[in-house]
Amino acid sequence: MSAVEDRAEGIRLLRDSAAAISPRNGPLGRVRALRSTEAGFDRAVLAEMGALGWLGLRVAEEAGGAGLGVAELCALAEELGHGLAPEPFVAVAAIAAPLVPEEDVIAGARVLLPAWAEKPHAVDASGTTSAAIDGATLRVTGRKIAVPMAAGADGFLVTAREGDALSVVLVETGVPGVTLHAESTVDGGHLGTLTLEAARCVRVAEDASSRIARLLDEAAIATAAELVGLMDRAFAITLDYLNTRQQFGKPIGAFQVLQHRAADLKIQLELARAAVSHAASVCDDGAPAAQRAAAASLAKARASDAALTVTRQAIQLHGGIGYTDEADIGLFLRRAMVLAACFGTATAHRRRYAEAAPPLDVDA
Amino acid sequence: MNEMTRPAPDDLNAMPDDAFRTHVRGWIQANCPPELRHPPKRLHWSQSKPWYMALAKQGWLAPGWPREVGGMGLSPSKQIIFIEELERHGAPRTNDMGITMIGPLLIRYGTDAQRARFLPRILAGEDIWCQGYSEPNAGSDLASLRTEAVLEGGHYVVNGSKIWTTLANDANWIFLLVRTDRQAKKQDGISFLLCPMDLPGITVRPIVTLDMHDEFCEVFFDNVRVPAENLVGQPNKGWTMAKALLGFERIFLGSPKQSTYALAKLAQVAEHMGVADDPVFAERFTRLRMDLEDLKALYETQVAKLRRGEELGADVSMLKVWQSELYQRITETAFEIAGEEGVMVNPIGGNRSLNPAASFIQSRVVSIYGGSNEIQRGIIAKNVLGLPG
């Protein structure tokens, strides 16, 4: 077997292993039960992901991880998206574990979540949060928004200025000067706003602006993969409905207008899948930062828009039953709304793509 | 408001349109409870009752009913003004199926005894009606409905189920389309039956909608015995009567109200997000605003028809398609610009009416209800354009 075939086989096995937590076409009762709970996710399931080696996927083998690539990260994210798993897999596996490759983090026993955005439509870690030494103690001050599932975290990885450089500092929940305000999101999860007032912290990465940019790109791509899994399943459920629902004496999928609609959705789905796959290989090939950023933005912008298109149309194609909470299809719309805004909205990524993309070859 | 200041219905119809509008506006401003206006969700009877009763007391519940049966007897153009003013002030919809659906049906097809029995109770707020048309397997294809009513002695025995029955959990009466002849062509075997909700064998199951509201219900009928005198019109003529009743109310599915309000909210979201002056947003906003202005113009052409005393044609479907999809484009734009703030359950900044996520989710239904947009486009293609099929 070639190295390429080996890797493809490895990814296939990894996808199969995901059935332990997010079985293909499995029931969504667990997802419904976790809606609007305080943590919004199940720590035991996160620990199970740890035990399967998923959370340390991007951590080097010598540091106790699996040393796998972004393609593997995306394969798992896609499987979890398929099952709407609310656990913050991407945040932990793509960002927290690589930054703090400690045993309990990789095991999913200690949940650290990245807190990097300071305003809506952010796509990088720029902002005014800063850290400084006060006596012998490093303290951080600032405000971070939109931290998914923040109420279930043990600590936050906060991007902060130290002089001209960007650091990542670890702030434990519950220390003085840390205030977390969680607001429910439409999918039953929540986003946290973290206010830090001279909160004691520990530096986990310094002069890290290019590393942070890379981790955020990888997380955006993995979130795009999660959206691909989500829309893939929403589309499959809808196709099934088109094949079975009878009106006017035939399955509604026999009406050409709905066939064309379904064809358009399939195109969106495959565009998103291809963009994610391309972005993952750009990362795994170690491309320069601008190229990686452009590919990440292509993937996240496409996946965010496509997932909203697919899930919206999925509701429409279901008709009345699609507009009920008891039909599972609505869960996909709600999660798509939230993930579309996670690690950069489509708007933010289009804006950045315009900056990061190479000049258009007008002679082509 | 005291009796002396209440103009006789004759005077209302005789008023010039502008004076009528001013009069109606003043009364709504003074009498529609502010806390009920622009409700984010459809109100239940327990919430909307004060407004219903205020209209009842004023004699303004039934603008389209003739005066002899307690209505306002307004001309279509006056009715439109009346409804436009209700919309302008965000007056909530009440449990109005008695007023808009069953009342007009009884007035046109009912017996004197049925009119005498039911109409006063609707006007007094004593009977709250709901509509039993759609079934789990008969939605877009309504004529394939299967809920059956079999005549046994003096009763129809009803078996089956109805779905998307709006506010059935508030109602004490339901009007039903039921199959009374299984052998006839599907439209020809349907009758119209009035059924009390407290009869043995009726079960109501609220359906929680995507926006987490129990506005719709499923209603099950298990050997429900309905007195035969509750049949309206001739047996097996229910379909014809129900279709004839699809009167000019269809125009309101295309009313610019929803999009007008949503566009104002979009402007507020843009202000909040600091993008109001962003040229990209401004271009999108202007496009939506111009879409809305054109909707108003198209709406006016249909209103003008009614004013001339003409009936609406199939082309009214164009209004429904354009309005519902414009409304969705507006809510989608608000959701998009709100970014991370547009995924929250709670409104932005505690402003009840500024909730991009809820509006985005709620706007999903407008292209489904009232005849899905796919059905509407089919009507335009076949009945307006005369295309084959």
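Trainee: How do you know how far apart domain 1 of chain A and domain 3 of chain A lie?

Mentor: In this predicted model, where local features need pLDDT of at least 70, side-chain atom pairs count only at pLDDT 80 or more, and totals for chains, interfaces and linings use all residues, the C-alpha centres of the two domains are 20 Å apart. Residues are numbered from 1 along each chain as its sequence is written, while chains are lettered from A and ligands numbered from 1 in the order in which they are written. Domain 1 covers 3–110 and domain 3 covers 210–356 of chain A, bounds that come from an automatic or database domain assignment.

Trainee: What makes the contact between domain 1 of chain A and domain 3 of chain A?

Mentor: It takes 19 residues from domain 1 and 23 residues from domain 3 of chain A, where two residues are in contact if their C-beta atoms, placed from the backbone, lie within 7 Å. On the domain 1 side, α4(A) gives the most, with 10 residues. By class, that side has 14 nonpolar, three polar and two charged residues; Ala, Val, Leu, Ile, Met, Phe, Trp, Tyr, Cys and Pro count as nonpolar, Asp, Glu, Lys and Arg as charged, and the others, Gly among them, as polar.

Trainee: Which residues of α4(A) and α8(A) meet?

Mentor: Val70(A), Ala71(A) and Cys74(A) of α4(A) meet Val276(A), Ala280(A), Ser281(A), Cys283(A) and Asp284(A) of α8(A). The residues of this contact divide into six nonpolar, one polar and one charged.

Trainee: In chain B, why is α8(B) called roughly parallel to α10(B)?

Mentor: Helix α8 (residues 257–273) and helix α10 (residues 316–338) of chain B pack at an angle of about 10 degrees, with their axes 9 Å apart. Angles under 35 degrees count as roughly parallel, over 145 as roughly antiparallel, 65 to 115 as roughly perpendicular and the rest as oblique, so α8(B) is roughly parallel to α10(B). The contact between them includes Leu263(B) and Leu266(B) of α8(B) and Ile330(B) and Ala334(B) of α10(B), and its residues divide into 12 nonpolar, five polar and one charged.

Trainee: How many residues of domain 1 of chain B are in contact with domain 3 of chain B?

Mentor: Seven residues of domain 1 of chain B are in contact with 12 residues of domain 3 of chain B, and the centres of these domains, taken over C-alpha atoms, are separated by 23 Å.

Note on methods:
Axes fitted to C-alpha atoms, helices over the stretch in contact; angles between N-to-C directions. Helix = DSSP H or I, 4+ residues; strand = E, 2+ residues; numbered from the N terminus.
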